Amino acid sequence: MKKIIYWIIAMCLLLNLTGCAHKDSKNKIVPYLTIQSNESYLQIHADWPVYDSTEKLIEASTNIFSGELTDISFDMINIKTGKSYSIDDQNRENCMLHTIYTVNVSQVYKGESDRIRKICIIGGLPGIKEQEQLQVIKNFDPSDQSPIISTLDSNRELKIGESYLFCTSHTDSDYDNIVNITQFVFYTTSDIAVQIQNQCTVTER
């Protein structure tokens with residue numbers, strides 16, 4: 001009899017723990033990067049509009065899609081035109097290092113149905129492919145003997161191989177742009193991602 005009671009108690013505890021983990025995963029947000037002070041980096045700040053409902057977020061996004069992050073790379077982009085820097089660019093002062101996220105799209109909820117999408121965010125990433133970032137800066141300005149990587153003071157920690165839901169805007173630029181740093185990416189199983197998915201029409205890929 002005691003063994004049966006112990007077994008029942010153990011099963012109840014297991015179910016409670018499983019339920020808590022499931023609940024936590026639904027509300028888990030994509031974490032922010034912890035940036036340590038370093039002379040090789042210059043922290044920058046950017047402002048975006050913030051949306052107080054999923055309806056407004058969906059309206060502000062030209063593209064909403066989910067997919068696997070397959071690569072993180074870097075490019076020098078003109079912040080006025082959204083185009084990658086070229087030698088014909090007459091406005092070098094508008095060019096800044098950007099982080100590029102490549103996503104293998106699995107489902108499209110709004111916008112263009114490209115299989116691969118590339119999302120740019122102003123600034124580089126501390127501790128990730130630093131030599132690649134420095135090389136992009138050196139290619140842009142070979143005379144710069146001590147390049148410094150500019151990074152956002154609040155950036156997200158996205159991981160290659162993880163799947164996310166993205167909210168972006170795209171005009172005549174080379175890349176998608178984030179709607180803002182707090183609302184452009186969600187875990188696909190999070191409550192807010194499910195809410196966004198349910199409010200959009202799903203196109204299977």
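**Reading the aromatic rings and a buried strand**

Author: One aromatic cluster is formed by Phe65, Tyr164, Phe166, Phe184 and Tyr187. Keep in mind that this is a predicted model: local features need pLDDT of at least 70 and side-chain atom pairs count only at pLDDT 80 or more, while totals for chains, interfaces and linings use all residues. Residues are numbered from 1 along each chain as its sequence is written, and side-chain values use heavy atoms, with hydrogens and water left out.

Reader: How many aromatic pairs does the structure hold?

Author: A pair of aromatic rings is described by the distance of the centres and the angle of the planes. Rings of Phe, Tyr and Trp (its six-membered ring) pair if their centres lie within 6.5 Å; planes under 30 degrees apart count as stacked, over 60 as edge-to-face and the rest as tilted. Here you get five aromatic pairs. In one of them, tyrosine 85 and phenylalanine 140 have ring centres 4.8 Å apart and planes at 85 degrees, so they are edge-to-face.

Reader: Where do tyrosine 85 and phenylalanine 140 lie?

Author: Helices (H or I, at least four residues) and strands (E, at least two) are DSSP runs, numbered from the N terminus. Tyrosine 85 is in the loop between β2 (63-78) and β3 (95-110), and phenylalanine 140 is in helix α3 (residues 130-140), so the pair ties together parts 55 residues apart in sequence.

Reader: And tyrosine 164 with tyrosine 187: what kind of pair is that?

Author: That one is stacked, at 5.8 Å centre to centre with 25 degrees between the planes. Tyrosine 164 belongs to strand β6 (residues 163-169) and tyrosine 187 to strand β8 (residues 185-187), so this pair links parts 23 residues apart in sequence.

Reader: Are tyrosine 164 and tyrosine 187 buried or exposed?

Author: Buried means under 20% relative accessible area, exposed over 50%, partly exposed in between (1.4 Å probe, protein chains only). Tyrosine 164 and tyrosine 187 are both buried. Phenylalanine 140 is buried too, at 14%, whereas tyrosine 85 is partly exposed at 22%.

Reader: Which charged end sits over the ring of phenylalanine 140?

Author: A charge sits over a ring if NZ of Lys or CZ of Arg is within 6 Å of the ring centre and within 35 degrees of the ring normal. For phenylalanine 140 it's arginine 92, 4.1 Å from the ring centre.

Reader: What covers strand β5, and which strand do bridges join to β5?

Author: Both faces of β5 (residues 149-152) are covered, with Ile149 and Thr151 buried on one side and Ser150 and Leu152 buried on the other. Two strands pair if DSSP finds at least two bridges between them; four bridges join β5 to β1 (residues 41-44), and the two run parallel. Leucine 42 has serine 150 in β5 as its bridge partner.
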